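Biologist: Before we talk, could you put the sequence and the model on the screen, so that we can go through the words used to describe them one by one?

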Amino acid sequence: VHVIDDEQTSTTTTTTTTSKTTTVPMTTYTTTRPQYTTEYRPYTTTAAMMFTSGSTGISKGAVYTHGILSNQVRFLQEIYKFNRDDQDLATFPLFGLFDVCLGSTAVIPDMDPTKPGKADPVKLLEAINDNGVSVMFGSPALIDNLSRYGEKHNIKIPSLRMVISCGAPARNDILQRLQNMLNPGVDIFTPYGATEALPVSSIGSSMILGETAPITDAGGGTCVGKPNEHVQVRIIKITDDPIENWSDDIVIKDGSIGEIAVKGPIVTKEYFKRPENTKLAKIKDGDDIWHRMGDVGRIDEQGRLWFCGRKSHRVETEHGPMFTIPCERVFNQHPKVFRTALVGIGEKSKQTPVICVELEKTVNDIDTQVLFKELMEIGKKYEHTACIDKFLIHPSFPVDIRHNAKIGREKLSAWATENLK
């Protein structure tokens with residue numbers, strides 16, 4: 001996307017064909033561009049509907065006003081300092097639209113956007129090098145694949161000044177591999193938010209790898225940084241029931257894990273024609289709305305927000321709830337494990353925790369009993385995972401179509417139940 005000057009008589013645009021990024025002539029204009037009629041739209045006017053991924057339920061249309069969209073663009077600009085000279089590799093189509101609003105150039109790589117985890121790293125690098133890409137947006141699945149290729153072939157990407165990754169938390173080893181491909185001082189940013197409220201917070205790889213990684217590996221959750229100055233974040237008591245009106249009595253203030261709630265000018269107020277879903281996700285606070293993120297987390301003594309998983313994915317045992325991210329990160333440290341997923345089987349409030357394991361692709365022949373014993377020994381080092389003694393190997397986790405990074409734990413739970421009968 002190129003900005004066309006009013007006095008320009010012709011221009012070009014950048015498009016992507018099979019594997020090469022080419023320059024295609026556009027229509028030649030006469031003297032000036034046609035003047036289009038514009039109309040003032042109040043901030044409260046509906047501008048768009050952005051649908052959730054549907055990874056933990058039915059996909060819902062979050063109603064965006066012009067005000068929410070304008071604030072999103074402004075806050076992204078403030079946090080990441082986009083400029084007109086930036087060339088952004090938009091591997092997620094929606095971010096290409098943000099590029100237009102931010103005044104940057106969107107470079108669309110040759111890939112299937114519904115399968116970012118299978119994007120060809122050769123074609124991604126070709127798009128980066130051919131266009132002098134300075135910013136890249138990619139899901140953890142995409143940067144995992146790209147960084148593995150880069151590590152194997154000792155590849156550097158000197159043109160990048162910033163990488164943004166979201167959709168799910170990227171593992172620390174993935175961040176480190178990609179970091180090794182970048183110039184010193186270049187950060188990989190992980191913004192936190194949701195379709196209904198974005199951006200809430202952001203953190204860079206320099207802080208993750210230099211400070212918070214050991215806490216994450218010990219089961220402390222994934223740090224997603226301090227909330228941006230325009231939003232308020234609170235941790236509230238966990239419940240699956242609707243909360244009609246806000247009260248400070250529901251706020252957890254001691255650093256314990258609870259549900260994350262957000263208020264601010266980037267928070268949507270409703271889902272389109274889904275009043276029951278709106279009732280479950282929104283809390284009235286005078287003229288304002290708190291959005292229940294559906295995530296669990298905590299706030300530390302420094303005011304940093306830590307993500308601990310989806311509320312609906314918690315495992316309710318007789319001894320209390322267990323949360324996905326703190327448990328899974330412990331077992332993910334095993335060198336033969338690609339990723340794990342905590343699921344619960346049995347009656348709610350009396351569930352048995354099970355760890356589903358997806359092995360690294362390079363692991364072909366393995367003694368499962370030895371592996372499970374090693375995983376149990378790792379788990380016993382930490383109080384919150386010491387009780388886990390059931391493990392299953394799954395060939396390939398189900399994931400969301402948008403980022404290929406959100407694990408379909410509901411499907412895994414049903415699979416685990418069947419396999420442990």
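Biologist: Why is Phe272 called partly exposed?

Modeller: This is a predicted model, and in it Phe272 has a relative accessibility of 42%. Buried would need a value under 20% and exposed a value over 50%, so Phe272, at 42%, counts as partly exposed. Phe272 lies in the loop between β13 (258–263) and α7 (275–281), and together with Met49 and Phe51 it makes a nonpolar surface patch of about 280 Å².

Biologist: How do you know that Pro109 is buried or exposed?

Modeller: The relative accessibility of Pro109 is 6%, and the word buried is used for values under 20%, so Pro109 counts as buried. Pro109 sits in the loop between β6 (105–107) and α3 (121–131), and its C-alpha is 9.2 Å from that of Leu125, with the two residues 16 apart in sequence.

Biologist: What makes Val200 buried?

Modeller: Val200, which belongs to strand β10 (residues 197–204), has a relative accessible area of 0%. Because the limit for buried is under 20%, Val200 is buried.

Biologist: Why are α5 and α6 called roughly antiparallel?

Modeller: Helix α5 (residues 172–179) and helix α6 (residues 205–217) pack at an angle of about 155°, with their axes 10 Å apart. Angles over 145 degrees count as roughly antiparallel, and therefore α5 and α6 are described in that way. The crossing of α5 and α6 is left-handed.

Note on methods:
Residues numbered from 1 in each chain as written. Predicted model: local features only at pLDDT ≥ 70, side-chain atom pairs only at ≥ 80, totals over all residues. Heavy atoms only, no water. Patch = residues over 30% accessible without salt bridge, like charges linked within 9 Å, V, L, I, M, F, W, Y side chains within 5 Å. Areas by Shrake-Rupley, 256 points an atom, 1.4 Å probe, with all protein chains shown as cover. Salt bridge = Lys/Arg side-chain N within 4 Å of Asp/Glu carboxyl O. Helix = DSSP H or I, 4+ residues; strand = E, 2+ residues; numbered from the N terminus. Buried < 20%, exposed > 50% of the residue type's maximum accessible area, 1.4 Å probe, protein only. Axes fitted to C-alpha atoms, helices over the stretch in contact; angles between N-to-C directions. Parallel < 35°, antiparallel > 145°, perpendicular 65-115°, else oblique. Left-handed = near helix turned anticlockwise from the far one by under 90°.
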